[in-house]
Amino acid sequence: MGSNMGKLINRETWQFITVFMLAVLLRLIPSLRYGLPYGFDIYEFTSRVFVLNEGGSAPLPHGPLFYYLQLAVLKIFGYDAFMNVLVFLEPIIFTFFILPPYFVSKGFKTAENIPLYTLLYLTVLNLLVHQIGGVVIPEGLGIFFFGLTIFFVRKAFDDWKWIYPTMVTGFLTAMSHHLSVLQLILFFTSLFLSYSYYYIRYEKTISLLRMLVLTPLATFLLIASAVSAWSLLGEEENMLKLLLIMVTRIHIFPFILLAGAFFFPIITVEFAKFVKMHGKFAFRNVFISIVLIGVVIPTTLTIALFPTALPTVLWFTVPISLGFLPFAVYGIIRYCKRTPLSDSLFFTAPLTLFIIEAFLLLSLENYSVLIHRLPAFIIYFATPLAGYGLSYFSIELNSLKKEYLAGMIIAYFMFSLAATSFPKPEYAYGVKESISHSEIKLAKDAYEYSIRFNAKIDTDTRLGAILMFVSSRRANWMGNLNSWFTPSNSWLVNVSLTGDPYLFKDDVIIMISNSMREAYHGRVINLITKPSGSLNDRVISYLNNYPGIDRVEDVQEGVLYMNTPWKKLNHGE
Amino acid sequence: MSFFLILLFITYELLESPNKDFFSMKIIGLKEDEHGLHVILSISNNSNEKSEGVLLVMLGYEDSFVAENDKSYIFKRFKVYSQQVLQISPKREENLEVILPRDSDMKRILIMYFLKSDFKGLEENSDQIVLKKEDVIWVQTWVN
């Protein structure tokens with residue numbers, strides 16, 4: 001008996017290690033492919049770390065923790081080792097940030113649950129591979145503390161002492177990432193509302209009362225921490241403040257909030273009750289309904305309303321709608337049936353609020369940047385339920401033939417989820433995430449030219465991030481990093497929108513790369529609140545042929561242009 | 001099965017890694033004196049292999065034109081002033097000076113480094129040079 005148990009534990013450990021190694025390998029793909037940090041945001045964030053390292057001050061809009069942890073690595077190891085840590089070690093460290101939902105799943109008190117399935121989802125889900133470890137950004141750290149807080153809150157259900165680590169990780173979430181803390185505030189709010197109704201109406205237990213004390217306390221702490229972080233460390237660039245400004249512009253928003261606070265708990269509690277009481281939910285019906293809802297409706301709406309987004313929508317949603325959503329919904333149903341209502345509310349209430357929030361924010365104009373961020377939080381939170389759904393589904397298969405068939409289909413689903421983690425520009429609104437060595441050289445040289453010619457540099461947000469990185473934020477970049485709403489005066493942005501080139505000033509260096517060009521499915525990346533397009537062949541032809549515009553550098557993937565640079569310099573000399 | 005499919009995907013992604021090597025060329029100075037125009041260039045070989053290519057200096061007049069698409073550059077109606085084989089050691093940056101006589105009709109000077117040693121020049125009965133983008137880097141400056 002003891003020996004069999006030992007073998008089982010041993011087997012589970014090896015399975016865990018194998019799946020986790022796969023998670024590490026998937027997240028290391030960009031580092032091994034490019035040998036550079038992946039995604040352009042990290043260059044911009046690192047530029048702030050360089051400023052701190054030089055004793056200066058820079059806004060830290062996400063919260064200070066990520067930046068100061070990077071600064072510690074830079075101070076301890078020096079620049080070269082810091083870059084290697086950033087490229088190769090941090091994606092591995094970030095992979096550990098997928099673990100909190102796995103431990104939540106391990107805490108399920110349902111016999112049929114297989115936590116390894118939750119880990120498998122956390123390993124392969126495209127949005128999670130990308131956001132946690134694929135790119136090294138404050139969001140990864142924020143999502144980790146978000147997950148850890150949820151894990152501790154579940155523990156606090158049974159034992160009051162877990163309130164302390166809950167407060168600590170909640171505070172660390174606020175110090176790490178603005179959007180993560182918003183999600184956590186929503187999580188606590190949803191629990192408070194639903195549990196209040198449930199406590200008053202149905203069940204007065206000590207654990208529920210504990211939740212009713214913990215949730216407003218935690219919400220207050222999170223709001224206070226988040227507000228202090230944004231007011232001290234980068235008010236102008238803080239996404240949380242931006243979201244607040246956005247929603248306050250909706251005049252009926254206070255009424256939506258009031259109505260939501262009243263109806264939300266009733267809907268969540270009564271719906272969970274209905275699912276618990278209702279008869280049979282067969283997996284086949286759930287699968288067909290979810291595929292219809294998850295694929296057909298978004299595809300039809302996208303074609304009708306925003307056809308250019310179709311490749312992106314298909315790229316991400318089809319694998320998620322086939323491989324994840326049906327199992328998550330099936331897991332929710334089964335979990336509601338198998339556990340006390342207060343336990344199932346722990347998942348269904350926040351999930352409902354997260355989905356409402358995602359619809360509300362994504363419906364606002366120009367905030368498509370959140371299109372992958374909000375679903376990443378929802379998916380991260382729902383993985384234990386998807387793992388539970390998959391566990392229940394596998395147990396229900398009653399013949400070897402069915403097991404083989406289902407096994408093959410699920411293997412394909414998992415593969416399609418993993419294989420869509422790092423989209424090419426044509427599947428990501430024209431955003432090329434990888435940076436090349438030649439583009440870094442181009443940015444360095446643009447900075448040197450700008451000093452020599454006393455010129456500004458006009459480039460997009462992607463190459464602008466590199467420019468900030470190579471110059472420790474000293475470059476005179478015409479991109480508008482600090483203002484969400486001031487109109488951009490960039491030549492590149494203007495011509496990318498109109499397609500009509502015009503002569504630019506002679507104190508400007510135009511830095512372009514293939515990633516901005518229509519011919520390469522790229523676009524001029526602008527701030528999320530401002531529109532932009534791609535550079536067409538007419539613009540390129542203008543730059544190559546308009547008398548006076550010198551092509552001063554070519555690095556194969558990018559070019560620098562200036563208007564009569566030498567005339568001014570030689571006259572100056 | 002999932003595991004092996006994903007491992008296969010990872011292997012494919014790594015085998016298909018983009019080339020990290022690249023060449024670059026920039027103009028670092030332009031002066032005019034009694035000998036003519038001096039264009040000072042810097043060409044760098046950011047690969048691990050020695051490069052042997054052809055440096056071409058081309059002169060553009062009123063009707064010269066450069067077109068490009070995602071695959072090629074097309075240099076129309078340029079006059080090839082000089083061409084020479086140029087070797088650059090790996091991870092090295094070479095500075096060069098090109099001196100050109102004054103020519104009042106000339107509008108632009110286009111200097112390219114063709115990354116292979118077998119440059120064929122202008123095709124017969126044609127006034128244009130078509131080159132694959134991955135085979136060439138070029139810069140230009142306008143005069144007069």
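What follows is a short chat about a predicted model and how its chains are built and joined.

Reader: Hi! What should I know about the numbering and the model?
Author: Residues count from 1 along each chain as its sequence is written, and chains are lettered from A and ligands numbered from 1 in the order in which they are written. The model is predicted: local features need pLDDT of at least 70 and side-chain atom pairs count only at pLDDT 80 or more, while totals for chains, interfaces and linings use all residues.

Reader: Thanks! How is chain A divided?
Author: Into domain 1 (2–427) and domain 2 (437–572), with bounds from an automatic or database domain assignment. Their C-alpha centres lie 37 Å apart.

Reader: And how many residues of chain B are in contact with chain A?
Author: 34 residues of chain B are in contact with 36 residues of chain A, where contact means C-beta atoms, placed from the backbone, within 7 Å.

Reader: Which element gives the largest share on the chain B side?
Author: Helix 1 of chain B, with eight residues. Helices (H or I, at least four residues) and strands (E, at least two) are DSSP runs, numbered from the N terminus.

Note on methods
Two residues are in contact if their C-beta atoms, placed from the backbone, lie within 7 Å.
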